[in-house]
Amino acid sequence: MNSISARTQNPFRSASLSIFPSSFTFNLPSKFPSAPNSTLHSAKLSNPNPHGRRNFRSSLVLKASTTSGYAPEIGEILGDVTIFTAAGEPVLFKDLWDQSEGMAVVALLRHFGCFCCWELASTLKESKARFDSSGVKLIAVGIGTPNKARVLAERLPFPVDCLYADPDRKAYDLLGLYYGFGRTFFNPASVKVFSKSRFEAMREAMKNYSLEATPDDKSSVLQQGGMFVFKGKQLLYARKDEGTGDHAPLDDIYNICCRVPA
């Protein structure tokens, strides 16, 4: 197996801007998921799958920050996807918020061991009260088994009542989120992670970080996340992360929620 190692005396030593903990070694899987032999189409769209990845990969997304690439039924389709609570109980997406008129922000994190996802989870936690006061349900979903979710929840900490695990990446595949080595490690959109403000926020979020949160399936670390806003089953906003750490600004997400007529 190939390996990527990062050894620093301090995981946040400013001279190197390293975000890897001391003596961390990441073993790359010997074989990454290959493109499926067939393409999956949405209920309304006939565009073939441009991303070529396993399982549910669909053509529902055309570009970030728009809903035009999704079938009108995407909320209903997503509703039938099963994920897990941090306690390990299976739950359907449609049971997470009111499917008639309820407002929900669904933040699909990368894997639970991702440094940038600890930063995003910290930001979500700080913003939760503001969303709650406006009647918006904040939902965070990460990649990994429920026990990995609990590592993040206990160490960050993060409220377990709005944290869910998608170990098989079913929602990520259905929503067409980006996946791949280049997206994860070399995408230009990830450069923003090294701004001073982001770097300080990440360092603060990772005070109690543990590699135990990383999924056992190492191919999962190549999955990117995204942000979605729903009113009932209607998708109002969709944004795919272009690269690691390329998160949607929560102020923008909050403003979108506030502009929706009651």
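## Two helices crossing

Helix 2 (residues 115-133) and helix 6 (residues 196-205) pack with their axes 8 Å apart, at an angle of about 90°. Axes here are lines fitted to C-alpha atoms, for helices over the stretch in contact, and angles run from 0 to 180 degrees between N-to-C directions. Helices (H or I, at least four residues) and strands (E, at least two) are DSSP runs, numbered from the N terminus. Helix 2 and helix 6 are therefore roughly perpendicular to each other, a term for angles of 65 to 115 degrees.

On the helix 2 side, Phe115, Cys116, Trp118, Glu119 and Ser122 meet Arg198, Ala201, Met202 and Ala205 of helix 6; contact means heavy atoms within 4.5 Å.

## About the model

This is a predicted model, where local features need pLDDT of at least 70, side-chain atom pairs count only at pLDDT 80 or more, and totals for chains, interfaces and linings use all residues. Residues are numbered from 1 along each chain as its sequence is written, and side-chain values use heavy atoms, leaving out hydrogens and water.

Now to the strands: 7 of them form an open sheet in the order 4-3-7-6-5-8-9, with mixed pairing. Two strands pair if DSSP finds at least two bridges between them. Strand 4 (90-92) and strand 9 (234-240) stand at the edges with a single partner strand each, so one side of each has no neighbour in the sheet. From one strand to the next, the twist averages 30°.

Strand 5 (residues 103-111) and strand 6 (residues 136-143) run parallel, joined by 7 bridges. Val105 has Leu138 in strand 6 as its bridge partner.

Note on methods:
Angles under 35 degrees count as roughly parallel, over 145 as roughly antiparallel, 65 to 115 as roughly perpendicular and the rest as oblique.
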